[in-house]
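This briefing concerns one protein model. Please look over the sequence and the structure before reading the points below.

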Amino acid sequence: HAHARGVIHRDIKPSNIMLAGPSDLRPGPKLTDFGIAQIRLPDTDEPLDDTNFCGSPSYISPEQFQAFHYDVGPWSDLYSLGCILHEMLSGLPPFTAAEPLAVLMMHLNDEPPSLPEYLSDGERPPEGLAELHDKLISKDKNERPHSASVVGNFLQKLAAGAAVRTASYVAHSFAMEAAEAQTEAGVPSATGATDDTMAAPF
């Protein structure tokens, strides 16, 4: 919504995201604190007018830290979103150090970290999410998505696919349990389900 109107937030981080409850008119995550947001009209080469970088060290894009204002745009906010995604899935931001300046230099110079094979909750990353993660935290802004709506649509499709796969897994699980119960009772299975046909959850 903001990007479509040329608004660049420039300080996306966990503390600026609030969750509206199910009883709210519009439940779900809400982006807050547009205090340092600026307008950059789509399809123009006009730079943002700051002379210094702004943002939070753990989530700032390389071009914001370098104060390359011609290069700051929606893709910069999406880099910050990628840092949040990394933290949500792994437990830590992509770059950590004792001093903020060291973190800023890591955003600028260090290779973006990949997601671990197993996440902080012991699960594997959902299929497709690791690829999105890698694109979001690319040093090269041209490799990142250039629209939050593109990312949102991708995540919706990913969530829908995960729900379908999960439902399929649950259905297969119930079928397997029913088949095992029939086998124990000496009744031939009507499902034909076997261990080899049970789908993985993801």
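How many helices and strands does the protein have? The protein has 5 helices and 4 strands, counted as DSSP runs numbered from the N terminus (helices: H or I, at least four residues; strands: E, at least two). This is a predicted model, in which local features need pLDDT of at least 70 and side-chain atom pairs count only at pLDDT 80 or more, while totals for chains, interfaces and linings use all residues. Residues are numbered from 1 along each chain as its sequence is written, and side-chain values use heavy atoms, with hydrogens and water left out.

**Overall architecture**
- From the N terminus, the elements follow the order β-β-β-β-α-α-α-α-α.
- Of the protein's 202 residues, 32% count as buried, that is, under 20% relative accessible area, with exposed meaning over 50% and partly exposed in between (1.4 Å probe, protein chains only).

**Gln64**
- Gln64 belongs to helix H1, residues 62-65.
- Gln64 is buried because its relative accessible area is 4%.
- The side chains of Gln64 and Ser61 are joined by a polar contact of 3.1 Å.
- A polar contact is a pair of N or O atoms within 3.5 Å; within protein, one must be able to donate a hydrogen and the other to accept it, and residues adjacent in sequence count only if both atoms are side-chain atoms.

**Tyr118**
- Tyr118 sits in the loop between helix H3 (100-109) and helix H4 (129-136).
- With a relative accessible area of 44%, Tyr118 is partly exposed.
- Beyond its neighbours within four places in sequence, Tyr118 is in contact (heavy atoms within 4.5 Å) with Glu123 and Arg124.
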